Each structure stands twice: as C-alpha cells, then as structure tokens.
Amino acid sequence: MAPIKRIGVLNGGGDAPGLNAVIRSVVKTANHAGIECLGLEDSFDGLLEFGRSRVLTSVDVRGIMRLGGTILGTVNSGNPFDETIQTSDGPRKYSERCVEMFHRMEIDALVVIGGDGTLGIAHQFYQLGIPLVGVPKTIDNDLPGTTNCFGFDSAVAFATEAIDRLHTTAEAHRRIIVVEVMGRYAGWIALYAGVAGGADAILIPEVPFDLYAVREGLRQREALGAHFSIVVVAEGAFPAGGKLALLEEANSGHVERLGGMGAKVAEALGKLTGKETRSVVLGHLQRGGAPTSFDRILATRFGGMAVDLIRKGDFGTMVAFAPPEIVARRLEDVVGKTRTVPPDFDLVLAAKSLGITFGD
Ligand code: F6P
C-alpha cells in the first residue's frame, strides 16, 4: 500500500455534541504521524469543487474539543447518489463528481463522520473505490455495532437536567408535564433520560403505548400520594393500533414530520385524567452545546482509531465502542440497520420494577 500522505475529514447529517472533538482528534493524530488533513465543508459538498475545503493543522483545531456544532458545517438532506449538479462541462452526477474531485484533490483516504444516512452514502463511495473509514455519530444512538455513538451521552445529560427542572414546577402545580425528546426510530434518549430523571412514564417507539395503561400507572402513583407526574415521550413513539382515536392522526406514517407526539399525549392524558397537563419539546437543544466529558473521550478515541485504521489500510470500516475497547466493524454490517431498544433490555425491566410505566 502506498503511504498515506493526505486524508480528508467530513461530517454529514444532523450535528451532535462531540463532532469537533472527533475532528480535532483526527487532525492531531494525523499530523502527529506526518499526514496532512483536509477539512471538507458541508458534508460531501466539500468534494464538489476546490475551495470548499481547507487544510487543518493541529493549531487550527486547538480549543475546539469543548465546542458544540462543527467547524466544517453540515448538511442534513439529499443523497449524492440521487442528485445531478451543473458544472462547466454540463450536468454531472453528484457522486461521480465527488469521486473525480477526490482524486484531483490528491486525497488518499477519507474519515466520514455520520449517522446511518451519511455512513450509507460512505459505504456506496467505498464500493466505488474510495478508501474510507466511518465514525458513528447520532444523539439517537441507534447505529448497530457500537454501544455508543458520540453525542448520545450529551443529549441524555441535557434531557435529564431538563426533567429535573420540570419536576419542581410539576410538583408545585400538581400537573402532568409531558417532555418530548428526540429519538426517531429508537427510544434510547427517552429511556436513559427518563430513568436518570426519575420519570413516571416513558413512551418509546419500540413499545406502542396505550394511554389507558399510562393513566393506570399514573393513578397508582397518585394513590401513593404523588399529585404530579413526568411523562417522557420519544418523538417517534406511537400509540398501539386504534386504541385512542385522538392519536391516530399523529400515527399516519409521515416519518419525516416527526414531532408533536408529546403535545398530543399531553392533551389526551389531560382528558383521560382530568388533571392539568403541559408539554415541552426539547428538540434541538439536545443537539447543541458542549459535549460531556464522556463524549469528548469517546470522540477522541474514535478519531484516533479512525486514523490508525487508515494507516493500516483497513478501509470500508466504522470505528465502534465495545466497552472497554474501540473496535472496527465492517460498514456493510452496519448500514441500513437500526439498533432499537429491546423490549426486554435490562434497563427497561429495571424501570418497570421501579414503577415506571411504558404504557404496554
Ligand atoms: O439525528 C437524528 C435526529 O436527532 C432525530 O431524532 C430527529 O428527528 C432529527 O435528527 C431532526 O433533524 P433535523 O431537524 O436537523 O432535520
């Protein structure tokens, strides 16, 4: 294998706390090994033309580990394999242009940081002959092959603090407060933040819920003298078929229009219990801000391992956390799959033993 002289790093999809920490680690590790690092801006768009990338040195990435967002910018829409772009030579397939420019920019390999969508695209580029290594990023934590994606821990920490704060006001007003958290296909954030924050009900996409069962859980709590409740709802949670007409509209299959389930659950629970309810959507607050120390460490280890894999020529892989190790997985074993919460996961069972209802 020819020695690696220059690598490109890009991120795609929604941002997640820890992105800058990965970029910093990639750049510093590469520079330490005498490899130049090119930061590609706005996901794969950075490969479309000269001028949308910049050489990053260890000095350039100094101080960015604690910053949210990404110094490279990101794009959360489109697929290079579906798009055509206009060039001075006429219309070109976006993906073909990326491959051509990858070679013209004299990049030897790529580090692609992303969730399922971005890593799926990366896998297609790998099949076209682009040497690359993936790094798993999503606050939803739903990528297979790794117990943690960086960003998840930070999102959980934020959501837990929010639930703590909502507890005091819910208790003061004797209300039910419904908190909607992110989690499109998987309820990891809802589960972890719900348990850590001492929620009374946790509704996740993996367990279609029945609001009568939720009401029963809250009633039992009320019978023990608690006159307020916190209900955590993952944005992708949905009611068990046809049990509550009130929620059917929200369950009509428009996955791209997620959000709003918390408000619907709050409205329906208000009617069912006769209690005053409020709902709060944490939304993108969960993605912003500084990464936790856990995510900084994970991101740093991921970035370092990604460069090591490139130096070994172990392409078509994704770095992964298999505690306590950082390991490599084959991209083809990971992409196109979702790691959801198993209904018999020990934390689900423990939560139920604590009296938390999942509405099942
Ligand atoms: O990263 C995944 C995610 O956090 C989902 O939970 C959410 O549905 C989505 O991003 C929202 O992304 P955006 O608003 O950036 O399109």
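Tutor: Helices (H or I, at least four residues) and strands (E, at least two) are DSSP runs, numbered from the N terminus. By that rule the protein has 10 helices and 13 strands. This is a predicted model, in which local features need pLDDT of at least 70, side-chain atom pairs count only at pLDDT 80 or more, and totals for chains, interfaces and linings use all residues. Residues are numbered from 1 along each chain as its sequence is written, and side-chain values use heavy atoms, with hydrogens and water left out.

The C-alpha trace spans about 70 × 40 × 30 Å along its principal axes. Of the 360 residues, 55% are buried, meaning under 20% relative accessible area with a 1.4 Å probe, protein chains only. Contact means heavy atoms within 4.5 Å; among contacts with a separation of 6 or more, 73% join residues 24 or more positions apart.

The residue to look at is Thr 357, in the segment after α10 (346-353). Thr 357 counts as buried because its relative accessibility is 12%. Its side chain reaches the backbone nitrogen of Gly 359 at 3.0 Å, a polar contact being a pair of N or O atoms within 3.5 Å; within protein, one must be able to donate a hydrogen and the other to accept it, and residues adjacent in sequence count only if both atoms are side-chain atoms. Leaving aside residues up to four places away in sequence, Thr 357 touches Asp 200, Ala 201 and Ile 202, together with Ala 213, Val 214 and Gly 217.

Key. Buried < 20%, exposed > 50% of the residue type's maximum accessible area, 1.4 Å probe, protein only.
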